[in-house]
Structures are given as structure tokens and as C-alpha cells.
Amino acid sequence: MIAVCIPFVGQQVHGESQKKHTVFKVEVLTNGRKHVLNKRFKEFRALHRKIKKTCQVPEFPPKRLSNWGSKEMEHKRHSLEVYIQGVLAENQNVPAEVLEFLSIRHYPTERKAST
């Protein structure tokens, strides 16, 4: 089983340009181990574009926000959390692209029927 949550969204300074961008802290729990990733909205959108034709996916949240204030950022964080949890819940076999996105290397992609 894979459990994913996005407990935090914030700004991160990028490279020498000191340009800020929004990142979502993604916590992944699998096989009793937890690891944390920082993902940008565009990475979630790229994942959605990869998997939407090959597996069940919930509606993807829109990027457009009139204001990136704290209330809007929290709404976006929650929407992405619901989305990624929905992808995991709606697919019996976790797509390889999702495993890669979540940096999970050792996870059975197909469940074997018990005999």
C-alpha cells in the first residue's frame, strides 16, 4: 500500500537567479518507510498528461488562480493531494509513471492472484 499526503505548500528559491517558485511537499509512505519530495505544479500536470489516457484519473485541478495568497495556495495543495490520492485509489495496479513520480523504486506493479 502507498499512502501520500501533501502537508505543506510554500515558496522555494531556485538557483543563482534567486527566482522563487511554489513547491508542494509530498510525503510518501510505502512498505513502512517514509520519504519526502518537493514537487512543482507543472510536475503534477506533466504526470496527469502522461497517465490520463492509460488509467483512471480524477479531474485535475486548474492552474489558474486569481491570487496566490495563503487561502488559494491551501486550496491548490488540498486539490493536488486529493488528485494524487485518487489516482492511487482508482487504479488496482499503480502505473509505473506514478511510481517514478513518487520516487518509489521497489513496488509490485501487478498484484498476483492468490491460489
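Which residues form one aromatic cluster? The answer is Phe 24, Phe 44 and Phe 101. Everything here comes from a predicted model, where local features need pLDDT of at least 70, side-chain atom pairs count only at pLDDT 80 or more, and totals for chains, interfaces and linings use all residues. Numbering starts from 1 along each chain as its sequence is written, and side-chain values use heavy atoms, with hydrogens and water left out.

Helix H1 covers residues 41-51; helices (H or I, at least four residues) and strands (E, at least two) are DSSP runs, numbered from the N terminus. Phe 41, Phe 44, Leu 47, His 48 and Ile 51 of H1 are buried, where buried means under 20% relative accessible area, exposed over 50% and partly exposed in between (1.4 Å probe, protein chains only). These five sit on the same side of H1 because they cover an arc of only 125° around the axis, the arc being that of the directions from the helix axis to the C-beta atoms. In general, an α-helix has 3.6 residues a turn, so residues three or four places apart point the same way. Over on the other side of H1, Arg 49 and Lys 50 are exposed. The buried residues of H1 pack against strands S1 (2-14), S2 (19-30) and S3 (33-39), and also against helices H2 (70-90) and H3 (96-101).

Back to the rings. The structure holds four aromatic pairs; rings of Phe, Tyr and Trp (its six-membered ring) pair if their centres lie within 6.5 Å, and planes under 30 degrees apart count as stacked, over 60 as edge-to-face and the rest as tilted. One of the pairs, Phe 24 with Phe 44, is edge-to-face, at 6.1 Å centre to centre and 85° between the planes. That pair links distant parts of the chain, with Phe 24 in strand S2 and Phe 44 in helix H1, 20 residues apart. Phe 24 is buried at a relative accessible area of 0%, and Phe 44 also counts as buried, at 0% relative accessibility. Phe 41 and Phe 60 make a tilted pair, because their ring centres are 5.4 Å apart and their planes at 50°. Here Phe 41 belongs to helix H1 and Phe 60 to the loop between H1 and H2, 19 residues apart.

As for Phe 101, Lys 39 lies over the face of its ring, 4.4 Å from the ring centre; a charge sits over a ring if NZ of Lys or CZ of Arg is within 6 Å of the ring centre and within 35 degrees of the ring normal.

Notes
Contact = heavy atoms within 4.5 Å.
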